Amino acid sequence: MTLLQADQLEALRMEIRQFAQKELAPFEQDVESNNRIPEHILAQMRERGYFGLTIPKEYGGMGMGKTAFCTVEEELAKTHFAFMDIISLNNGLGSRSIVLDGNEAQKKKYLPRLASGEWISAFTLTEPNAGSDAASITTTAEKKGDVYLLNGMKHFITNAPIADVFIVIAVTDPDKGAKGGISAFIVEKDFPGISIGNVHQSMGMQGSHKSEVIFKDTPVPVQNLIGTEGKGLTVALKTVDEGRMGVAATSVGMATRLLDMAVEYATSKKFNDKPLSRYQSFEWLLADMATELYAARTILYKTAAKMDRKEDAQLEVAMCKLYGSEMVGRVVEKAMEIFGKDGCLFENVVERILRDARILRIFEGTAEIHRIIIGRKLLAGQRPL
Amino acid sequence: MTCLLTEEQTFIQKAARDFARGEFDDDQILDLMEKQQFPKKTLKTACKLDLIGLTWPESAGGQECGIMDSVLVTEELCRRDSTMGLALSFADAGAETVARFGTPEQIKALNAPLLKGKSVTALICPELGQEPGPICYRKTDDTLVLNGEASVVVNADIADFFLTVAHPEDGQGERILLLFPKDMPGIAVSELIKKLGMDMTHWNSVKFESTRVSTGTMITCDTKGVDPVNILEKNLLIKTGAMFLGMAQGAFDLALGYAKEREQFRRKIAAFQGISQKIAAMYTRLQEGRASVYSAARACDKKCVGLTDLIAAQLSAQHLAEYLTDEALQIHGGVGYMIEFPVEHFFRDVKCLRTLLGRNITRMDLISRRLIGQLN
Ligand SMILES: Cc1cc2nc3c(=O)[nH]c(=O)nc-3n(C[C@H](O)[C@H](O)[C@H](O)COP(=O)(O)OP(=O)(O)OC[C@H]3O[C@@H](n4cnc5c(N)ncnc54)[C@H](O)[C@@H]3O)c2cc1C
């Protein structure tokens, strides 16, 4: 991992921001209307190496640390969520378990393809009856000779309809269950017995695809087991934990966009006979938006720096995700009040972010689960630093 | 609070509830939502059961029920489904004002098709507190010339009648209320406006360009000098308050039902104290909001309610609905974000109705101005 200096980080931020403004912004509405990212944008993102930002250099990536990666995510989230979402899996849940626990052969085979964006990945953990309680999954991987046979059904899997490779978490030993009976596998889409079920239609997140994935006697070669058998849940939760920073960075990015738009609207549009900004009501809304945003951004980068120093930051990460995702919810509310009816119209970014931001309090661990995580750590004597 | 209802009110409430439970079909709702279609068939059935036009005088084909009665109906419709409920509740927007103040001809022209579920009114009324509104008039002999553009009008493209509030062009004189058929020269209705929610209710912008209507389309003050526009505003406040209340109750029903069903960690999620406390907090707010809307409605029936208390009741129901739909969605976890679960559209519909009514700040200004009065 190469850590960037302050000036390099600033240069990175500017580079992404320019790219976003010039290349992505003109296509935001297109993504929203057509529910897909235009191919030429994906090609540009591949060319710029955005799919492999966090993947180590020796496997074709850029080896970015947390601070740099959060910077990219924040900047991309200021455009359309889909632009940030499409790169987040290859850089996070879709590759991290291979980076952290995979063997050399797995790294050599998969990481370069993920880093280049040639392959798109999906992280395949949640089941209809195992959401917050991920340990209760029932998809099984039964060892038969030199393969594991996968059977079961997953749902809400981001990228599943377009994925080339799935990181699948399944039960290898039902007796042990969560205590050493769950393993992680690399599953290619061409393995037999994989089908995509119902494609989910959701309130927001246009351009990002999620669906059910069904495994029926899908043979997975033993060499595609990640790490050791029975360690899958630990691997999964470790990567989920890191990935939560992405949710916090997205929250900060979306809220920044809203604040900028709200300031511009308040100064340029009139309420009765004066600009909105001349009324305390609107001025105070802006003040609250900015204050909370500043707090969320500050803990985000403070925590990212701690992770870059290789210190344990689970408590702070949970706080960043919880606070960030709830913060952007409150910022959207205030933006709605400032924009009035305009904020409700389809072509208005406020309307879109309202729908997109609502997922941030749910996926990668709900707000309630985060309060549990934080509470337990506090009671065990930890304090945020 | 239901024990405070009269026998007749309990009956009306039950009729509306049975209708909504029996007639609203979840698959059909999703289908109509996707096609952005107004629920014509359901409206007809509602009309047959006398659930529309409840407050209109018997002479106008109505039931002569009170505001409180109609609040109960609106609440039940929006409770069963926000999108369907809102579409039905907006279908006769403002018609009760026509029924009360209109000439016999006006009443007949509007009510006959409306009561059969064959027609819909579109109300062009400035946001509360917006003076003057977007539409203005000039009077020449026995015609009125209308000009202006209203940026959002509910159901304009499917309506047969416009009920329009207009302000004098030169600022001299009173605002007036007009009822006229839509197919007149000089009226342009825009394409459907795409929006956050209320997927069965159409929004369009409407432009009047030297539209000429006769002075006979005016709906005027009654013999006691009561201004129909005032009554229209009051009725809208209580009606939208009832919509919010209904959507809040509906979201609560969904949340409670799901929390008692869904299992995680080998327990019903309602067994986790964090969730059960949310349920209790939601219920507490619901009772507050209901008390506020019901007492405003009863005061309406006694003709002793001021605009301040009506706005306060509506705002209280709106805040309640925003809070409850948000929490209800959260209690659903991932499925709450998916369109096949109704809580998803309850959440959008509340926000959408909220913006339709204008900014909170405008309504708060109206309240505070009345409370504070002139400062010297
Ligand atoms: C758009 C979207 C994309 C997703 N992408 C992926 C993906 O790519 N891969 C993947 O594996 N998963 C994915 N998910 C799944 C996501 O992580 C889960 O939805 C989430 O973890 C919550 O699980 P659940 O939906 O089953 O809710 P549940 O766990 O059923 O939660 C329901 C409610 O109960 C509460 N609750 C649960 N347990 C407790 C408790 N112990 N105490 C108090 N309250 C509790 C929750 O907070 C919530 O309010 C995605 C989900 C969505 C909606």
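In this predicted model, an oxygen atom of the ligand sits 2.8 Å from a polar backbone atom of B:G334. The protein buries 94% of the 980 Å² that the ligand exposes when taken alone. The elements that give two or more residues to the shell around the ligand are, in chain A, β3 (147-158) and α12 (367-379), and, in chain B, α10 (307-331).

Chain A also supplies polar atoms to the ligand: a polar backbone atom of A:F123 is 2.7 Å from a nitrogen atom of the ligand, while an oxygen atom of the ligand lies 2.7 Å from a polar side-chain atom of A:E368. The shell as a whole comprises 29 residues, the closest of which are A:T126, A:S132 and A:T366 from one chain and B:R262 and B:Q330 from the other. Because the residues that surround the ligand come from chains A and B, the site is shared between chains. By residue class, the shell divides into 16 nonpolar, nine polar and four charged residues.

A residue that brings the two chains together in another way is A:R358, which is found in chain A, in the loop between α11 (349-357) and α12. With a relative accessibility of 3%, A:R358 counts as buried, because the cut-off for that term is under 20% relative accessible area. Leaving aside residues up to four places away in sequence, A:R358 touches A:M203 in its own chain, and in chain B it touches B:D326, B:L329, B:Q330, B:Y337 and B:F347. Among these contacts of A:R358 is B:Q330, a residue that is also listed with the closest ones around the ligand.

Terms used. Residues numbered from 1 in each chain as written. Chains lettered and ligands numbered in written order. Predicted model: local features only at pLDDT ≥ 70, side-chain atom pairs only at ≥ 80, totals over all residues. Heavy atoms only, no water. Near = heavy atom within 4 Å. Polar contact = N/O pair within 3.5 Å; in protein donor to acceptor, adjacent residues only side chain to side chain. Areas by Shrake-Rupley, 256 points an atom, 1.4 Å probe, with all protein chains shown as cover. Helix = DSSP H or I, 4+ residues; strand = E, 2+ residues; numbered from the N terminus. Nonpolar A, V, L, I, M, F, W, Y, C, P; charged D, E, K, R; others polar. Buried < 20%, exposed > 50% of the residue type's maximum accessible area, 1.4 Å probe, protein only. Contact = heavy atoms within 4.5 Å.
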